[in-house]
Every structure is written in C-alpha cells, then in structure tokens.
Amino acid sequence: MARGILGAARQAGSVLVTLAGLLALTFFMGRMLPTDPVLAIIGQQADQAAYDMVHHQLGLDRPLPVQFALYVRAMLTGDFGDALFTGHRVAADLSRAFPATIELASLAILIGVGLGVPLGVLAAVYRGTLFDHATRVIGLVGYSSPTFWLGLMGLILFYSTLGWVGGPGRLDVGFIDSIEPHTGLLLVDALWDGDPDVFWNAVSHIVLPASILGYASMAYISRMTRSFMLEQLAQEYIVAARIKGMSRWAVIRRHAFRNILVQLVTVVALAYAFLLEGAVLTETVFAWPGFGRYLTAGLLAGDMNAVLACVLIVGVIFIGLNLLTDRLYRVLDPRTR
Amino acid sequence: MSPRLPLAILLLLLQAPASRAATPRDALVMAWNLDALITLDPAQIGEVNGNDIILGNVCTPLVNYDPQDISRIVPAAAESWSTSADGLTLTFKLRGDLKFPDGRAATAGDAAWSMQRAVLLGYGNSANLTQWGFTKDRIAEQIRATDDRTVVVTMDKPYPASLILSAAFASNVAVILDREAATKGAKVVDGKSDLGNAAFKTGPVCVGPYRVTRWDANDVVVLERNDGFFGQKPNMRRIIIRHVPESSAERLLLEKGDIDVARLLTTDDLKALEANKDVRIEQTVVQGMSYIAINTVDPILSNAKVREAFRYLIDYDGLARSILPYQGTPRASLIPEGAFGALDRAAGQPFKLDLDRAKQLLTEAGYPNGFTKKLILSANSISPNIAQHVASNAAKVGVTLELEQMADANLFTRGRNREFELQLVAWYAGYPDADANTFRHAVNPDKRPEAKLTMYPVWRTGWQDLSINEQAAAARMEPDPAKRAAMYREIQEFMMHNGPFVYIYQNIRPIAVRSAVKGFVISPFFVDYGSASK
Amino acid sequence: MTAVQPAGDASQLVVDDLRIRFRTPQRVIEAVRGVSFTVVREKVGIVGESGSGKSMTGRAILRLTPPAAEVSAKQLRFGRTDLLACTERDMLKVRGRRIAMIMQDPRHALDPVMRVGLQIAEAIPAERRGTRAENRGRVLAMLESVRIQDPERVFDLYPHEVSGGMGQRVMIAMMLMPEPSLLIADEPTSALDVTVRLRVLAILDELVGQRNLGLLFISHDLNLVATFCDRVLIMYAGRIVEECAAADLARASHPYTRGLLASLPRPGDRRARLPVLARDPAWLVP
Amino acid sequence: MSITHPAPAPAPGLQAWLTADVTTSPRQASLQRFYYGWRRLRGNPTAMIALGALAALVAVAALAPVIAPGGYDDQDLAARLLPPSLMHPFGTDDLGRDILARLAWGARITLMIATLVAVIVAPVGLLVGTTAGYFGGWVDAVLMRINDIFLSFPSLILALGFVAALGPGIRNAIIAIALTAWPPIARLARAETLTVRNADYIAAVRIQGGSALRIITRHIVPMCLPSVIVRITLNMAGIILTAAGLGFLGLGAQPPMPEWGSMLSAGRSHLTGAWWLSTVPGLAILATSLAFNLLGDGLRDVLDPRSE
C-alpha cells in the first residue's frame, strides 16, 4: 500500500496527470449526483422561472465537457467559485476548514509517531515476548476500531462523565472571536497572541480527537516499524557491529534505526494522508469545523465547487507528501543519491 | 513572533488551564444544526435556520404576529396601516426612528425597494408576494414609497386585509434593507445586477435589533446588538449560534453549561433533560406538517382506496407515546392547528391504526396481496423511525416499503422532479391561515409535467381536483371569516380522504434552555433572541 | 561474571565438546555435535562443506548464535574467560577487543547508510577514543595498513561505493581496530572474485603475522586452508572428523578427507570424471 | 542441559506423509507447505483466537433465524430503549427491537459485504494487475495511471463519493467499496507478474505459441493467487470499517436493515440515555475487524520468510 500510493506519484509529471484524472473523475461523478445544487440556492418553494435563472447562472445548462473546461480554467486563475451549500466563497471556507484539519491531523501524527515508533522498535527487539504480543494487540485494536465510535465513547467518558477535556468544537464559545486567526491553527495563534486561556482551552478541545486519530495511526506506524526493524535486525551488518564490540542497544540506535528511517518516512507520510480519511468521521462526531466534514457535507449537498476544491487539495497534499518523501529519501539513503 | 514565542510558551507553562467557565454573561449561546443554512439574504432564505436568525432578529418586518396569539397582527417597523374602501390599496405608515446599524435613517424608499427586490430576485419566498398578484414587471408601481414614511401597496384583487398582512408583510420579504449598501455591493451577472444578493448572503444590512458580524459556514453565526434600534433594547449584547449537528453533543454542552440554548435535541435526550433542574424545555407547536407524499402518477398509487389504506397503517397513538413527544402532535389534516380555519384537534385526526381496514381497502382496490413501493426520506431527526414504523405496519398487510434515506438537498430534488413513489417530508406554512397550505397542498392549477409548477407540493404528486381549485379561490376572497372557516373545513375533510398526502404529525419546535436564561419569548413564527436575559 | 580458570596463555582459545542445537516445532536439529579444539597464536583452519556447522562454531565462540540456538560445551574458554559463563556485558569486553571476526560478504556486513570511515571508528573501544580528529587519524592509519591508497577518500565513501575487495579490506580494518588477539575469519574471500582474493589473503596474513594474532580460518576450500594455515580441522556434519598439520594433509586418514582430497582437480593429470564423494553414515557415530 | 537427544520420530500415516523430508509429488509438496503453515499458524495463539471468533461470527450469522425467530424488524413501541436484561441481553432500540436479534441478523450483512467485495475485487484486481504487468508498455502506463487516480485518494472519501452518486443502499455500498478496494490488489498482482513474466517457463509457453490470454490465465494468475488471497484477508477489516463508516453516515444499508454501522449511528442520539444502542454494535464491529486483523497478522507471519 505504502509503495502503492507513494509510488503513484513518483514524478510530479505523472502526479499532475493523476490529479487531472482525479478532478475529471470527481467532476463527472459529481454531475451524476442525484442532488440539484440549484435548489440549495432558491429554496424548495421557488417557481420554475427562478429555477431556470439560477440554473443558467451556474452554467449547468452547458454541456458537461464545456462545464469542466470552464471550471478548470477558473481554477487555474485561483478561483474556486462559490460553495452553494454554505453560501460562502469556497476559498474562504477552506481557509478556515483546512487549518482546523491540519492542526488535528498534525497533532495526531505527532502522537502516532511518538508512541508508534518506540513501541514498534521494542516489539521487534523483544519479538515473541509478551510485550510483543501486547503491543501487537493494542495496535491492532486501534487499527480495528471504528474511529467514530471511539470518538463517541471518548466524549461520554472524558467530557461528559469525567470532565477532563473540552467538548465538541475547537473552543468553548466563550472564546469565540477572542484571538486573531494568523495561521488558522488555534494553538499556534494562541501562542502568537500569547493568550494562555485560549491555548489551554484549545488544547482541552483538541486532545481527545487528536488522541483518537493518533491511536489509529500509532497502530499502523508501530506495526510497520516492527516489521521494518525485524528486517534490519536480521541483517549481517548488525552482527558485524556486535562483533566490533558495540552493545545491542547501541547497534539498534546507530545502525538498525538509521536504516529503517528511510522506510519509516514513507509510512509516516502515508499515515498522515490516511488521517484525512479518519477526519471525515471524527470531525462529524466532534463537530470539528474541518476539511473532512466540509467535503462530506459538500458531497451530500451535490456542491461540485466545494467537492472539487477539496479533491484538488487532497491531490496537492499527496503531491507534496510524495515530493517531500522523495527529498528525504535522498537525504537518508546514500544509495539513492 | 519569533522573539515572543519562547516567552509566550514559558508564560503558558506557568499559567494553569483556564477553567471552562459558563457562557459569557452578556451573550446568548445557542447550539443548532446549521447544515441547511446557505444564505442570510432575507429575499433568498428558504429554510428554517436562516428564517429563525433573520426574521425579527436581524430584519424587522413591517408588521408582526402577536407572540401570544399568532392570528393577531401587531405593528413592527410600520406603526400603522390602512385599507382603502375598495380594498385594493394598502397603506403603511412607517415609524420615524428606523435606523440602519451604522445609524443612518431608513426610509419608506428603502422598504419599498426591499420588497421590489425580493420579487425581482425571484427566489423561493418571493412567492409571499407573487401569489398575491405582484409581478416582476409591475412591482415598481404595485409597491412604492410616496414619502419617507409611507409605503403604498396596490393589489389587483381586494384580498382580506388580515390574510395578506400576515401572508406577505410579516415575512422576510417585507423587511427594510439598506438600498445604498446593496447597490454599492451589487455584483453584475451577465449584464444583470444581483441587487446586492452576493453581498447580503453573508449578512444583510437591515433595520433590526441585531446585525450579523460573523458567519463561518458550518461553524458559527455571531450577532451583535444594534444600539440604534428603535424597539426596546435587547438584553444580550451578542448572540452566538454554534453549529453542533449532534443531539447528544448538544445535550452534553447544555448540561455542562457550555451553551444556554439547545435547538437540536431528540425526544429521548429531551426526556432525560426533564429531570435536570438547570434546564427547562420550551415546546412550540409550529405551522409545519410532516407527511408522506404519494405520487399519484403511479398507477397503483393513483387509486384513492390505496392512499386511504396508508392512513390506517399509522399508529398515531403509539407514535404519540413513543417517538413524537417533543417533536410533534399527531394530525391528519393539511391545515396545521393554530392556523385560521384549521379543524380542531379531534376532527383533524380521525384515523387510527387499523390493519384490517387497510387490508380491506387494499383488497377493494384490487391489491389483496399488496405490492412493493419505495419510500424516500431524510436521514435526519425522527424521519427514519417514522418511516420504519410505517414500513413494519405496511409489511403486515403485504405492502413492502423499501426505505431510502438521503440528505435533505437530495430529498427535495427528487420531490421537485417527481422522482419518487412515496416521500416522507415536511412543509412549513408561510402564514397561519388555512389559505397557505390550501394553495400549496390542494390547489393544483396545472398537473401536466411540462407545467413544472415545482413549488406546489401537490403538483409534484401529479394529483388534481378542479372543484377544490375553485373552492380554494372562493375561500381566499371570502370576506366573512365564519363562512371562510366553513369552506376550509370542507376542503380539509375532502383532502383527508382523497388527497395525495398522508399527514402524520404537526411539528413541535422543542427548545431546551438553561434556567439561568429568563424571559425568552418563543412563538411559532418568531424566536425573539433579544428578549432573553441572564 | 567471569569464571576464573587455571593460568594459561591469555589468548588461548579452548573449545571442548561444543554442541549447538536448534529446536523447531517439527524437530531438533543438531548443527554442531561435540567439537573440540584449541587455538593459540597460530593459524588454524576449519574446513567443511556448507552446513557442516563450521560457521556456527565461529559464532558460538562470540556468543552471537541466533536466539533459537542452544549452545553447550564442557569448556568454551578464551584465556581465563569462560565464555559460556559470561554475561552480555562481559562479552562486550571480549568481542572486538579480544576476539574479532571477519565476515563473509562486505556488501552485507557493512551498514549501507553509514560512511565506512565512521563504521571503522565505531570499533575503537571507548577508553581509547579521542577527539574526532584523533579517531579519524587512527582510522586512516588503519586503512593504510590494509593497503588502501588515499584513505582520505575511502573514509567518506558509503559501502555501496566500494568494490568487494576494498570492502573486505575495510572489514579487516574495522575488525582489527579494537586490537583483538584472536581473529576469526569466516570465509573471508569466498564472496570476492578470484583476482582480488590473493591480495586480501596476503594482507590478512601479513597483519596476523605482524600483530602475532591467533587466527581461526573457516573455509570450504581445502587447498586454500592447506596453503594458508598451520593446522587444519576437517568438519563433517557438525563433527570434527580429522585434525592434522597442514603439511601432513596429504597423509590424512579419514575417508571423508581422502575423498575431499581426491576430488581436488590437480593440474597435469587427466581423468574421465571427478569421483563423487562416497558418504558413510558410520562417520556420524563418534 | 547439554545432552544430545534424538529428534522425535515422525508419527506414521498422514502425519508422516505430510512431514516427509522428501516429497514424492508436487501435490504432496504444496500440501506440506500448507500443513507446515497451518502448524505454525496454530502456534500463534492470537491468530487462533481470531479464527475462533470468526467461526463464532459465521455460526451466529447462520443461526440468526434460531437466535431471533422474530426477525430483525420486530418492533414494539411499548418496549423502547429497555436496558440489557435477561429478556433482552443487549437491550432494545428506539423502536423496541431486540438488539441481540438485530446484531445476529446484522452479522449476515457484514459477512455478505465482506465476501461480496472480496469476490468482486479479486478477479478485477488480478485481471488489471496481470494484464498491466504482462504487456507492460503503454497498456501498463494507462492501467497504472488509472490505478493511481483511485489510489491517490482516501478510500472512505472515494467510497462516499461513489455512494453519493449511485445513491445509498447496501448494493451500491458494496460496489463503491469494491471500486475503492481493487487498486492495491491490482498493484500486488502487477508486481507479482513482473517477477514471473520473464521466467523461462513462461518463455517456453510463449515459444510453443501460447496466446497472451492463455499465458495470463493459465500460468500467471495462478502464481499471483496465493498472495492476492492473503492480501484480501488483510483488507477485510478495512472493508468492514469502511462499510460501517458508510452506514454511520446513512449511506450504507438502509433501515430497517440491521447493518452494524447504521445501528451505531442510530444509537448516537441515545448515547447518554441508552448507551447500549451504540456501544454494542460498536463492539461488534471492533471485534470482527480485530479478528480479521489478528488472523491476517498471523497469516503474514506464516508467509513471512523472516518468521523463522
């Protein structure tokens, strides 16, 4: 899978083709949607005249390929158009929704890596021991549990019952409008403005969804780390290093780990991409005003402008991640230089 | 930022987390599902959220319903009105102290223009005017300002004043928008001005107690108080409406005191909240009917006996006890309770679960072994439960109902395009008068598909009865209230057994409020945010 | 802990009745069944076909057999140190500093993502480590001593950038860095192509001589061992079937050895076909 | 503990035949591989537990009519939201239906989705993958580019899109999930094909004038099959979760069908009041996908060269 998705976009060229294809796919799929965006605008009491007017304004009366061409042209000029289902400019919506998701996903990936990698390494080193089985099961549970369900349970336990964390949403309403959106990442903005109350409040809200998402990716990362590590530990150079007189852990740290880093980068990048998927459901549960929920809502409302913009962004993220991993590859593995 | 950052972090580490205190004292915090909200332009609003936020809170209409008795019309932006002897001219006298948020005076010119604008834009609720004979090409003469405080309305028929006042001039189309701001922000789409629609979508400039200062899609709407407002000064400086699409989540927030008002709660969450002394629950019977629309173009469903059978498949009492509490009251008539001319509760709901009767009707209709039909419905609120309930009863008489839930947008599309066999939907009457639903649910001017009278739910079902059309037209013009009421009674009786709609319940709007919030005025057509205080 | 033994040469390796066993769910595999020999500052060769357990023996001495292996012996001693009794920590003092091992294939035995110079430097025992520059100097010196021209350049190469021969020399340098007194060479040349073999062997021979090290030379190549070592142990199926001085190899008595010798092609004499080794199950019984 | 003891003598009969060091027929050889694999799998407790759990699931699904004679839509408005009791071990839902009953019938749906998706995906993936791998060149380029388009998007979102377009319902959900599940299989098949396409025996067949179709179907596909099967087992959990996710968003199985995801989502509105509504199906989903994952993990270890 890792190789699959990342291999997908080795060179920016093929990635762009992929992206174009993705857009086309989404566009025509979207036009198949049994939902009529016009109604969203005019309301269901409107008469046919009003309907036809808007239908024309949206250019929906033109042939599909033309619509697509027009859309792409507009997009290249940086114009995503209006999101019919929110009444806002798509760009405006995304500039809010996207940071929300990035913040969530980034924190989640931090948790995932911070726990996943060490656990994976230990599991490999103590292969077959109780510890190994324990981590494997813990990981697999995270791998196997529906994030949306974990979210609900988490809310009940930690918010409603114990009151340890903040509720749904990114902030308590009391704090709405209380800080400048410099970056859209609340935690960063709070630091920027040096406002501890907002910061801690944001933390209390993000910690639960982030942990739940992080758990899932931790599961994935630890599993991959384990098998990479096993592969390396079976290598001759490990023995050689031991013969030199290095201690076991020194060898793991200096040699085995250095060697899995390369593959690990790929896995982490991939895990990050998957977080976007997890976000769709988690954001619904936590009323998180993010990208996943935006995309879902747009999809259900048949709002192509919104959906296509999201697709484009996901695509761009993939390109970004791929190019990034390629770079890191070069840095980390001399053989690829 | 960089030099301050370490310092900031240090600061943060020293500081203890701020306790999640209760909501701000001078703000009313409301949680609601804002998914449907797509515009705040009063001329465009076609759904509940926008209507609730704008009407009376951001934009004060010329006249208003009396919160205590919605059949009475009281002055609002207009301090008085008069009807000419021939009943063709209606004259509004506006207040002298109408101000826009920035303090500039609002005139009758703005008012007239706002109403013309609604008609010219032609969005759904322009019907509030067009159905009374106001048209795009003549609107300029039909509604005009004669001086800064007088709006003169000329009608083509002498409609009963009470009727047209509540139907047209207490609604979102009869508000006072800032013409100047609109024309400044106007966008020109293929040579045609949008009359500021694009600009007002995210917040109209309007005469009213509050103004919209922020609307983040699917996140939050924030209203700020207009201190120049003519009416009594609202207690709350800010109104914060947060998008929380989960009943359970809203309940948690309410119980924790993170919000003051919860607007989206399920029956069972509300039931649970009854026990909570920090919370009170306000139930308002609104003018919305939930029903199964039957597409009579379908050969089987065109049979009145078949449609009648469906009415006996609904366990009105059972629902009333289990699923409907806080959400609705059983009602089988097309006119909601509380509207002028509505049947009383008993007469309005004569049916009860009777499988044998249903079976018999089906047999008479020639379908002793039943049939299979698809019922489409919204995935939201209690629709799925209602649908499953009906389906399980139908199964008992051999009728298989395949359910398909979908997003509302999708559901409406299918309806307008007649792409359904059975459809579970709701319809909100524009004004508390039998006339409202009669003209959408009974009167079908032209049932041909190509007529595309898509705004008539009855057209969507392909059902038509010319005599009903005449009766309705006559009732509309009938000056004598008693006679009028009688005519509507007939119509209701007839529709109840022959119409294409199986009405199930009249909607209740349940609002859970923290006890700390006092004097919150909630009426079927108007939730007065400003009336709340802490 | 380190078991104390009666005095003897501090670099004398004593292997007595060494046995290595693998348990799989299916059966118990006996890789080495009672091997005994000693090495003292001399070049001892172990010859045997693949799977005869010779490499395992080498690794057992360093206590680096795979976890699945069960190692046991009447005695496994290096100088005063009872290797079997050693804890992992004790072994850190033995590995490298006293016993090192040159592995078969430099391409696998060197960390692919680390500059070879640094890998050699890593082998410098902690107490002898100096500044970066000093360590680098030591490594460069060592590289020179294994006959590498411009060590400066090689220092900064990655394993995939060095040829097999040079790789093996790097390996030798790496293993000599901690200055062991016994060197185990496990098929040190079989991965190299013929042209470079001799050079590497020459270097190895010279260094062992200079530093007066003990060498345990593990190989499948009877000729090579015969020419290179003082003493030869012939291993078959986990057992030493014959032991003799390299010089006397021609007079070896054991049929297996004879077989091996017989199957060596000799320049000059022609024959129709090489005789196939006849194996006798009786050999397995001591 | 250093005394030699002889290897345990292999038991006679089948055991012996299965463990014989020297195999006499390819069939025996492959059976042996399978047998040893099985023995190793048996050595993995978690995998065995998982296998048991799945067996139990199948049993429950098969016995649904016995467990719940009333079917899954046996409403009783008078008995809504009853907490777990002897009468209703898992309580009742908001239409008074026994949750255990719905769970049991729901097991059928879950299994059906999983198997159907697998049945659709395997051939498609194999066909595309092997074709691309065998022909290479522009065929490969085109097919893999399409593959990428599908791969370069989170599968749930993609499935969401397809279902939204095709309309909700279990049939469309299955199609949508299948549409998002074939690309990884295709990639795998392609990779496998590349390794064998230049093998001598393939060349031999080609020389004998075997058609491409014949070569692919008779010689390449069989090579890829085992790994594909394992891969699909590994994907089962993912498939089940995606299905549940769709159900959760109301796009999967339609009411009154007791699909676990939709049960869970229906229970959402009673979370605080009637926890069992969403907790029970949630646990069921968790248990099932966990079982598949543990089994898949075990299988991977068995087939993993590193595992000895």
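**View 1. Chains B and C of this predicted model do not touch.** No contact links chain B with chain C, and their closest C-alpha atoms are 34 Å apart. Elsewhere in the assembly, 5 pairs of chains do touch, and the pair with the most contacts is A and B.

**View 2. Here is where chain C meets chain A.** Chain C brings 25 residues to this contact, while chain A brings 17 residues. On the chain C side, the elements giving two or more residues are β7 (99-102), α3 (106-109) and α7 (164-176). That side of chain C is made up of 17 nonpolar, 3 polar and 5 charged residues.

**View 3. Chain C on its own shows 10 helices and 11 strands.** Of its 286 residues, 42% count as buried. Look, too, at how the chain folds back on itself: among contacts in chain C between residues at least 6 apart in sequence, 68% join residues at least 24 apart.

**View 4. Helix α14 of chain B spans residues 383-396.** From first C-alpha to last, the 14 residues of this helix reach 20 Å, close to the 20 Å expected at 1.5 Å a residue. Just after α14(B) comes G398(B), with a positive phi of about 85°.

View 5. Because 11 of its 14 residues are buried, α14(B) is largely enclosed by the rest of the structure. Among the buried residues are S383(B), P384(B), I386(B), H389(B) and A394(B).

Methods: Residues are numbered from 1 along each chain as its sequence is written. Chains are lettered from A and ligands numbered from 1 in the order in which they are written. This is a predicted model: local features need pLDDT of at least 70, side-chain atom pairs count only at pLDDT 80 or more; totals for chains, interfaces and linings use all residues. Two residues are in contact if their C-beta atoms, placed from the backbone, lie within 7 Å. Helices (H or I, at least four residues) and strands (E, at least two) are DSSP runs, numbered from the N terminus. Ala, Val, Leu, Ile, Met, Phe, Trp, Tyr, Cys and Pro count as nonpolar, Asp, Glu, Lys and Arg as charged, and the others, Gly among them, as polar. A residue is buried if 20 or more other C-beta atoms lie within 10 Å of its own, exposed if 12 or fewer, and partly exposed in between; C-beta atoms are placed from the backbone. The expected span of a helix is 1.5 Å times one less than its number of residues.
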